[in-house]
Amino acid sequence: DDAAILAPGQCEMEIWADRERHGARTLFHAGPACRIGPVEVGLNADRFHETGAGSATFAGPQVKWAHAVTDTVGVGVLAATGWRDRSPRVRSSLWLIAGTWQAHENLAIHVNLGKDFHRGGERPDTRRAGAALEWAASPAWSFVAERFRESDANLWRLGARYALSEGTSLDLSQARGLHGSAPPWWTLGVTWAFDR
């Protein structure tokens with residue numbers, strides 16, 4: 001994540017889908033959000049399917065705050081929670097601190113540190129962290145390389161973003177576990193930002 005939020009009076013819709021190689025696991029995400037006062041308030045809805053285990057839906061609210069410390073450095077805090085639609089109806093929450101350094105006009109470095117809290121006894125709480133390098137190659141194209149830890153797995157991601165128009169972008173990336181700790185998966189997403 002980065003240390004930025006929507007502009008005042010702006011909303012966005014994020015939709016993306018993950019598909020693990022050979023299709024063993026898939027995830028579909030929809031996330032509308034709007035800037036309300038000093039924070040960005042959103043709703044996350046995720047539909048997860050795993051071969052042999054069936055499907056489940058998680059949904060819940062998210063709040064994000066960000067502040068520009070200088071012209072090139074920003075910090076932010078994100079909190080989210082969600083509930084599963086089937087038994088056991090576990091609740092998961094997330095706290096995340098994010099930082100962004102605009103090292104150059106077309107180069108940004110993002111770092112974050114956080115924790116996932118799992119209620120319901122299915123699994124223990126886990127830490128998450130990440131660092132990403134984002135390069136804007138042109139007004140339309142940008143690329144990201146990310147190394148992150150999530151759900152007790154060490155992972156990396158390479159991706160590209162194309163601006164279809166002002167406020168609308170298309171993302172394609174591949175992520176995988178380090179040293180084969182998690183199978184690779186592809187993510188395809190679209191983001192649409194608009195004024196209320």
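Q: How many aromatic pairs does the count come to?
A: The structure is a predicted model. Rings of Phe, Tyr and Trp pair if their centres lie within 6.5 Å. By this rule, the count comes to four aromatic pairs.

Q: Is the pair formed by the rings of Trp 141 and Phe 143 stacked or edge-to-face?
A: The ring centres of Trp 141 and Phe 143 are 6.0 Å apart, and their planes stand at 5°. Planes under 30 degrees apart count as stacked, whereas those over 60 count as edge-to-face. Because the angle between the planes of Trp 141 and Phe 143 is 5°, the pair is stacked.

Q: What is the geometry of the pair made by the rings of Trp 141 and Tyr 162?
A: The centres of these two rings lie 4.9 Å apart, and the planes of Trp 141 and Tyr 162 are at 45°. Planes under 30 degrees apart would count as stacked and those over 60 as edge-to-face, with the rest counted as tilted. With planes at 45°, the pair of Trp 141 and Tyr 162 is therefore tilted.

Q: How many residues apart in sequence are the parts that the pair of Trp 141 and Tyr 162 ties together?
A: Trp 141 belongs to strand β9, which covers residues 141-150. Tyr 162 belongs to strand β10, which covers residues 153-165. The pair therefore ties together parts whose separation in sequence is 21 residues.

Q: Which residues form one aromatic cluster?
A: Trp 141 is in a stacked pair with Phe 143 and in a tilted pair with Tyr 162. The cluster also takes in Trp 135. Its members are Trp 135, Trp 141, Phe 143 and Tyr 162.

Q: Is Trp 141 buried, partly exposed or exposed?
A: Buried means under 20% relative accessible area and exposed means over 50%, with partly exposed in between. The relative accessible area of Trp 141 is 40%. Phe 143, at 33%, is partly exposed, and Tyr 162, at 32%, is partly exposed. Trp 141, at 40%, is likewise partly exposed.

Q: Which residues does Ala 160 touch, not counting residues up to four places away in sequence?
A: Ala 160 is located in strand β10 and is partly exposed, with a relative accessible area of 21%. Contact requires heavy atoms within 4.5 Å. With residues up to four places away in sequence left out, Ala 160 touches Trp 141, Ser 142, Phe 143, Leu 170, Asp 171 and Leu 172.

Q: What distance separates the C-alpha atoms of Ser 87 and Ala 56?
A: Ser 87 sits in the loop between β5 (73-84) and β6 (91-104). The relative accessible area of Ser 87 is 65%, so this residue is exposed. Ser 87 and Ala 56 are 31 residues apart along the chain, and their C-alpha atoms are separated by 9.5 Å.

Q: What is the radius of gyration of the protein chain?
A: The protein chain has zero helices and twelve strands. For 196 residues the globule rule gives 16 Å, and the radius of gyration of the chain is close to that value, so the chain is as compact as a globular protein of that length. The radius of gyration is 17 Å.

Conventions: Residues numbered from 1 in each chain as written. Predicted model: local features only at pLDDT ≥ 70, side-chain atom pairs only at ≥ 80, totals over all residues. Heavy atoms only, no water. Helix = DSSP H or I, 4+ residues; strand = E, 2+ residues; numbered from the N terminus. Rg over C-alpha atoms; globule rule 2.2 N^0.38 Å. Buried < 20%, exposed > 50% of the residue type's maximum accessible area, 1.4 Å probe, protein only.
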